[in-house]
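Here is a short walk through one protein model. Have the sequence and the 3D view ready.

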Amino acid sequence: MNEFFAEKRKEIFACTILGRPQQRGSKVAMRTNKLDRRGRRRIILRDSNKLSTDWMKYAAEMARHAWGDRELISEPVMLSAQFYFNRPMSHFGTGKNAAKLKPSAPRIHGQSPDLAKLLRCLEDALTGVVYVDDRLVCAYAEPTGRFWTLSDERVDIQLFEKDRETNRR
């Protein structure tokens, strides 16, 4: 087992971002009417999820508020992120059972959005706000994943720092 995971983790940041977490979708190439220096039409890349940019700005602002004026992290960190989503109405009964989960309702959130794309969006939002660059996220701590909630949709974030002395070995 890697010693990074075996050592006790020191939490250096924790934050909750309320609202439905967004994923960083696939990139879509689009031609513009502007010409590049060779006279060809420019191509720009856009995210397929139009909500992700606004969510990243919101998440960055919430993280900036929680982080304060501390210096940006420039050492490797471990990220734990729990993304909470409301259950769809189809998971509940009807009539007098409207508040009860159906026995067939899944226990584990195995639907869209994709966990890797959720993490990409979150990591990008924290870049330049909490840490210098998202390449410093070297591992994910448990419990990182997607979960159901009966309360607010949100993402709970924790960052853990490796001891600086053992980090230099």
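This is a predicted model. An α-helix has 3.6 residues a turn, so residues three or four places apart point the same way.

Now follow α2 along its length. The helix covers residues 52–67, 16 residues in all. From first C-alpha to last it reaches 21 Å, close to the 22 Å expected at 1.5 Å a residue. G68 follows α2, with a positive phi near 75 degrees.

Next comes helix α3, residues 115–126. Its N-terminal end is capped by D114. There, a side-chain oxygen of D114 lies 2.8 Å from the backbone nitrogen of A116. The 12 residues of α3 reach 17 Å from first C-alpha to last, close to the 16 Å expected at 1.5 Å a residue. Just after α3, G128 has a positive phi of about 80 degrees.

What is buried in α3? The residues are L118, L119, C121, L122, E123, A125 and L126. Their cover includes α2, along with strands β1, β4, β5, β6 and β7.

Strands β4 (residues 77–86) and β5 (residues 137–140) run parallel, joined by 3 bridges. Across this pairing, L79 stands opposite Y140 in β5.

Definitions and conventions:
Residues numbered from 1 in each chain as written. Predicted model: local features only at pLDDT ≥ 70, side-chain atom pairs only at ≥ 80, totals over all residues. Heavy atoms only, no water. Pairing = 2+ DSSP bridges. Helix = DSSP H or I, 4+ residues; strand = E, 2+ residues; numbered from the N terminus. Right-handed = clockwise from strand over helix to strand, strands pointing away. Expected span 1.5 Å × (residues − 1). Buried < 20%, exposed > 50% of the residue type's maximum accessible area, 1.4 Å probe, protein only. Contact = heavy atoms within 4.5 Å. Polar contact = N/O pair within 3.5 Å; in protein donor to acceptor, adjacent residues only side chain to side chain.
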